[in-house]
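Here is a short report for a reader meeting this structure for the first time. Please look at the sequence and the model, then read on.

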Amino acid sequence: MARRCSCATSLLTGNIRIHLKQLLASAVSLCFCLLLPSAAEASLYKASDQILVLNPENVDSVLINSTAAVVVEFYAHWCGHCIAFSPVYKSLARDIKEWRPAVDLAAIDCAVEENRKICTGFGITGYPTIKFFHAYSKSDSTGLDFQGFPREVRGLRQKIIDKMETHEEHWPPACPPLEPTSQAEIDSFFETNNVEHLALIFEDSKSYVGREVTLDLLQYENIAVRRVLRTEEGLVDKLGVTKFPSCYLYYSDGSFTRLQVNFEARTFYSYTLKRLPGVVRSGKPRPVITDLHTNNTKEPWRPFNRTMVYMADLESTLHYSLRVELSAHTIIKGEALTALKLYISVLTKHFPGRPVVMNLLKSVDSWLQEQSGAEVSYKALRDVLDNVAQVPDAALPEGVRWVGCQGSKPQFRRYPCGVWTLFHVLTVQAKTSGSSEPLEVLQAMRGYVHNFFGCRICVEHFDVMAQESMAEVNSLSTAVLWLWSRHNRVNNRLAGALSEDPHFPKIQWPSPDLCSACHGVKRTGEHSWSQEKVLSFLLSYFSSNNLLTDYLEDESRVLAKQREQQQLVREAQKLLERKAREALDSITQSPSPPTLEEEEEEEEEDEEEEGAPEETVAEEEGGQRAAAEHDIGVKTSERSHMSRGWRQAQRKPSIVGIKLRDPHEDIVDLDSFVNQHYKAKALRAAAAASSQVKHRSLQRKEEPEPGPVFGLGMEMDVGVGMVGLQPMEPDSGLGQQRNRLQKRGLTGQYIGGSEEVELSPSRRGNWMSVLSIGFSKVDISLCVILYVLSSMCLLVMYLYFKNRLRLRRAKVALP
């Protein structure tokens, strides 16, 4: 027994230890899962880097039987060497972007579980590994390794060219020939090629410049590039080439000329050749200068100087930013409100605007700083932008007038160009004014773009660039250069896109024509930027002294238009307020008692509709009505001064929530039926009752203020809604009663074809008239039928439950 207990105890202890180990392992795994980023976040490359990100879904379509050669990097996101190499690979992608569709760059993360099988299939055992896949590769191809590949762009670029030349069977269809040309080929070149320009690059056999320029102009039409070795003596002597490398333009008539560049290097050759007349990117229309004057837009083309900045572009950007982009946010709160305050604050400090614009920006900034709440409405902000408070000499011109940022079509340049120009100017102005915060302008730009800029893909790209290196900015000069370099990166990514204006292609700015000192060449022949010269150029180009005020609207005219607009708004508001008051008064004001003239006109209209005999009666009444007009006016003025209780009493009577119909319209459709069958009798009765109507009308003029009508007391009459109603008069004539019954559809009884109406002059008749006001015979009949049916239902239910209870008692009584 003791042994069994001992064994059981030891087993229990062992199980506890195993469970503790499992729990500990699970906790550690959970910690790693929480600490390590997801695969998507850990990836070193994104689509915005112009690198194809491979995965099991697209790897076959990219690598197998592709018309382009593909360079692939196999890496692990946790590998330190891979992380260090990623900026070089991204720079390589930007450098050879123009080589597409002959060459593509791709990358795959082998540390991701779903990609391990792919990496194992290609024999990847270490990271980073680069492989080259020929065009039209087979499914069993594992690619060519880059053995000992260099860690810089120039060496990688040359490695790719070496691998490209190893194609034997299938040359990439989009790639032009890279081998050297001969004089015989040049002599017959224009017979088989329809191009305007032939660029011949003379170089040594070990030089890569000719092949690199050939691939750089791969996407351009109307030009061809060929490489000529210095050993081709016939061409060298014919063109008189003495320097290698050098570039000559050769034409179909046998003429030639040397290409003038600042440096005999790849970058300068490519830039100059792309700017030759008639040379355009594939799929883009040729830029015809005459088209610019018509501009393909509704606005006339505004000639401008490309070496200057225009204030019209800056003010147009402010208008679109503050009045259009912000208007999409009806309520601005949280991070967006903070970003807006910083944006307006930076504009107030550093925008080199005209006095009227600066006064308005200061007014907006003061208003925003005074807002202590968690949110502001754009409507309130718009009132400040439009200067509704009428701050003296403050206005922001409405509308846009693009000059330096105008495009050949409405969808090109404009606002994006204006945003870049605005923040370039702000960074330079912050540097010039000696601001103490290097990141102030860049943070304002990042906040505005993140929260308000409409292009969401652009926002994502800018956020990525900001996260990468904005924190490294530590001086105002660095801030100016950081924005310039990121602008050039965006230009590189968008070059050749559908959004590129063919008249203003995306280039690395400033161009050699604009700032030759900004460009240089390394010993290796690679292009380099002179940071010092670039900074000096930017400080001069975006300075307030370089701002032109051409095409601006005069300040006095801007202020006058603002006043006119505000006057129109005020008049419109007054009109709306007046209409609202009139509508409110018509609802709240009780209707005045109907005058004698209105009642007689109403009866006259009814009589006119019934035929000529009634018209005669109406003419006879006209004289007496004219004699009573004076008394009616006096009575009307007296009634206008009645108390509020009397006004409430004049409301239309209602019984148990049932609203009476308008007295000016027929109550029931039975009246039309009566009029059709008893028309002749009604005409005779109307003629007989005319004298009594006149007598009754004159009596009403002498009536005192209303009192209890039906003998219920004033308070009771008001409670049942009967104040203002006339009681049934026993001595009223039969003709008058007939007219009232035919018009109102009130209670009464027509007997056969006789003209008599049965009406009891007793008090019971008064009570019956009270209870039947607003109801026709059909209404009363329906009420009676419903009452009988409900009574029968109640009786049936009572009998049912009574019998059921009796049966239950009988069952209980049984033994």
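## Overall picture

Of the 815 residues in the protein chain, 42% are buried; buried means under 20% relative accessible area, exposed over 50%, and partly exposed in between, with a 1.4 Å probe and protein chains only. This is a predicted model, in which local features need pLDDT of at least 70 and side-chain atom pairs count only at pLDDT 80 or more, while totals for chains, interfaces and linings use all residues. Residues are numbered from 1 along each chain as its sequence is written, and side-chain values use heavy atoms, with hydrogens and water left out.

The protein chain has 32 helices and 19 strands. These are DSSP runs numbered from the N terminus: helices are H or I with at least four residues, strands are E with at least two. The chain exposes about 45600 Å², and carbon and sulfur atoms supply 55% of that. Such areas come from the Shrake-Rupley method with a 1.4 Å probe; for residues, only the protein chains shown count as cover. Take the contacts in the chain with a separation of 6 or more: 72% of them are between residues 24 or more positions apart. Contact means heavy atoms within 4.5 Å.

## Aromatic pairs

The whole structure holds 28 aromatic pairs. Rings of Phe, Tyr and Trp (its six-membered ring) pair if their centres lie within 6.5 Å; planes under 30 degrees apart count as stacked, over 60 as edge-to-face and the rest as tilted. Trp301 and Phe504 make a stacked pair, 6.4 Å centre to centre with 20 degrees between the planes. Trp301 is in the loop between α12 (289-294) and β12 (309-310), and Phe504 is in the loop between α20 (476-494) and β15 (519-521), so the pair ties together parts 203 residues apart in sequence. Trp301 is buried at 15% relative accessibility. Phe504 is buried too, at 11%.

Trp484 and Trp529 form an edge-to-face pair, because their ring centres are 5.2 Å apart and their planes stand at 85 degrees. Trp484 belongs to helix α20 and Trp529 to strand β16 (residues 527-529); the two are 45 residues apart, and their pair links distant parts of the chain. Trp484 is buried at 4% relative accessibility, whereas Trp529 is partly exposed at 24%. Elsewhere, Tyr45, Tyr75, Phe85, Tyr89 and Phe149 form one aromatic cluster.

## Charges over rings

Which residue has the charged end of Arg413 over its ring? The ring belongs to Phe504, and the charged end sits 4.2 Å from its centre. Arg211 lies over the face of Tyr208, at 4.4 Å from the ring centre. A charge sits over a ring if NZ of Lys or CZ of Arg is within 6 Å of the ring centre and within 35 degrees of the ring normal.

## Helix packing

Two packed helices are described by the angle between their axes and the distance between the axes. Helix α18 (residues 440-452) packs on helix α19 (residues 456-469) at an angle of about 150 degrees, with the axes 9 Å apart. Axes are lines fitted to C-alpha atoms, for helices over the stretch in contact, and angles run from 0 to 180 degrees between N-to-C directions. Met445, Arg446, Val449 and His450 in α18 meet a set of α19 residues, including Val459, Phe462 and Ala466.

The axes of α15 and helix α16 (residues 378-385) come within 9 Å and cross at roughly 150 degrees. Here Leu360, Ser363, Val364 and Trp367 of α15 meet Ala380, Leu381, Val384 and Leu385 of α16.

## Single residues

Thr421 sits in helix α17 (residues 415-433). This residue is buried, with a relative accessible area of 14%. Beyond neighbours within four places in sequence, Thr421 contacts Val309, Leu314, Cys405 and Phe542. Lys117, in helix α5 (residues 116-121), is exposed at 74% relative accessibility.

## Backbone details

The peptide bond from Tyr127 to Pro128 is cis, with omega near -10 degrees. Pro128 lies in the loop between α5 and β4 (129-133). Another cis peptide bond joins Phe244 and Pro245, with omega about 0 degrees.

Asn222 is not a glycine, yet has a positive phi of about 70 degrees. Asn222 is in the loop between β7 (220-221) and β8 (223-229) and counts as buried at 11% relative accessibility.
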